[in-house]
Amino acid sequence: MANNSTQAAFDPKAFLAIVGDGKTILEFHKDQIVFSQGDAAETIFYIQKGRVKVVVISEQGKEAVVGIFGPGQFFGEGCMNGHSVRIATTTAMENSLVTAITKTAMLAVLHDQPKFSEMFMAYLLTRNSRIEEDLIDQLFNSSEKRLARLLLLLANFGKEGSPQPIIPNISQETLAEMIGTTRSRVSFFMNKFRKLGFISYNGKIEVNSSLLNAVLYDKPEIKREP
């Protein structure tokens, strides 16, 4: 166990930003695969810069985007839970800087550094809550409302600081896969949101606070019916 002075000085983000024992810093170009479904799962990844998408491919060859992750988030942590192979394919959506840390090194720092353990636990709890919310969203909300919620999440509404433009631009096909509807429906809803002033396009998608208000206060502009 590390001594108290070492624990006090330990900075989890600084630890993840540098090369070290069991850690490497990797650069991925847009559309470059980080790992593929079926690969051996021995490493956890942390995004310093950029954004990645997670895609699952069925036995019939059908693809579905099941997650998009950005700076400050981990992915590939399934290997910590006994997964020996990757159950999804992860691809960089833009030029990205990613820290790769081996399972052995991850277990060691979780054991030795309480601050890192707290950071990782907070991430896992947030991720679990997001999965539960996604399930509820799929079960009870209309595809229009699911799209509104997804846009808010991608723009970081509800986090510290101001909402960010959605960069890189997410294709309507990807949005449709993530909320379980068709591209044509997404196109219809996006045009509607723009006309209502909920979003704007200026080389990127910008989400306005009026969309958050419409979702939170269940305004009739966004229908609840499936």
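Analyst: This is a predicted model. Phe74 has a relative accessible area of 1%, and because the limit for buried is under 20%, Phe74 counts as buried.

User: And Phe116, buried or exposed?

Analyst: Phe116 is buried, with a relative accessibility of 0%.

User: How many aromatic pairs are there?

Analyst: The count is 12 aromatic pairs. One of them joins Phe74 and Phe116, with 6.3 Å from centre to centre and 85° between the planes, which is edge-to-face.

User: Where do Phe74 and Phe116 sit in the chain?

Analyst: Phe74 is in strand 6 (residues 74–75) and Phe116 is in helix 4 (residues 114–140). They are 42 residues apart, so the pair links distant parts of the chain.

User: What about Phe74 and Phe120, how are those rings arranged?

Analyst: Their centres are 5.0 Å apart and the planes stand at 85°, so this pair is edge-to-face. Phe120 lies in helix 4 and Phe74 in strand 6, so the pair ties together parts that are 46 residues apart in sequence. Both Phe74 and Phe120 are buried.

User: Which residues form the aromatic cluster?

Analyst: One cluster is made up of Phe10, Phe15, Tyr46, Phe74, Phe116, Phe120 and Tyr123.

User: Which charged end sits over the ring of Phe15?

Analyst: That of Lys23, at 3.7 Å from the ring centre. Another case is Arg86, whose charged end sits over the ring of Phe35, 4.2 Å from its centre.

User: Changing topic. What is the strand order in the open sheet?

Analyst: The order is 1-8-3-6, four strands with antiparallel pairing. Strand 1 (23–28) and strand 6 stand at the edges. Each has a single partner strand, so one side of each is left without a neighbour in the sheet.

User: How many bridges pair strand 1 with strand 8?

Analyst: Six bridges, in the antiparallel sense, with strand 8 covering residues 96–102. Within strand 8, Ala100 stands opposite Thr24.

User: Which strands does helix 3 touch?

Analyst: Helix 3 (residues 103–112) packs on the sheet and touches strand 3 (43–49), strand 6 and strand 8. The direction of helix 3 makes about 80° with that of strand 8.

Key:
Residues are numbered from 1 along each chain as its sequence is written. This is a predicted model: local features need pLDDT of at least 70, side-chain atom pairs count only at pLDDT 80 or more; totals for chains, interfaces and linings use all residues. Side-chain values use heavy atoms; hydrogens and water are left out. Rings of Phe, Tyr and Trp (its six-membered ring) pair if their centres lie within 6.5 Å; planes under 30 degrees apart count as stacked, over 60 as edge-to-face and the rest as tilted. Helices (H or I, at least four residues) and strands (E, at least two) are DSSP runs, numbered from the N terminus. Buried means under 20% relative accessible area, exposed over 50%, partly exposed in between (1.4 Å probe, protein chains only). A charge sits over a ring if NZ of Lys or CZ of Arg is within 6 Å of the ring centre and within 35 degrees of the ring normal. Two strands pair if DSSP finds at least two bridges between them. Contact means heavy atoms within 4.5 Å. Axes are lines fitted to C-alpha atoms, for helices over the stretch in contact, and angles run from 0 to 180 degrees between N-to-C directions.
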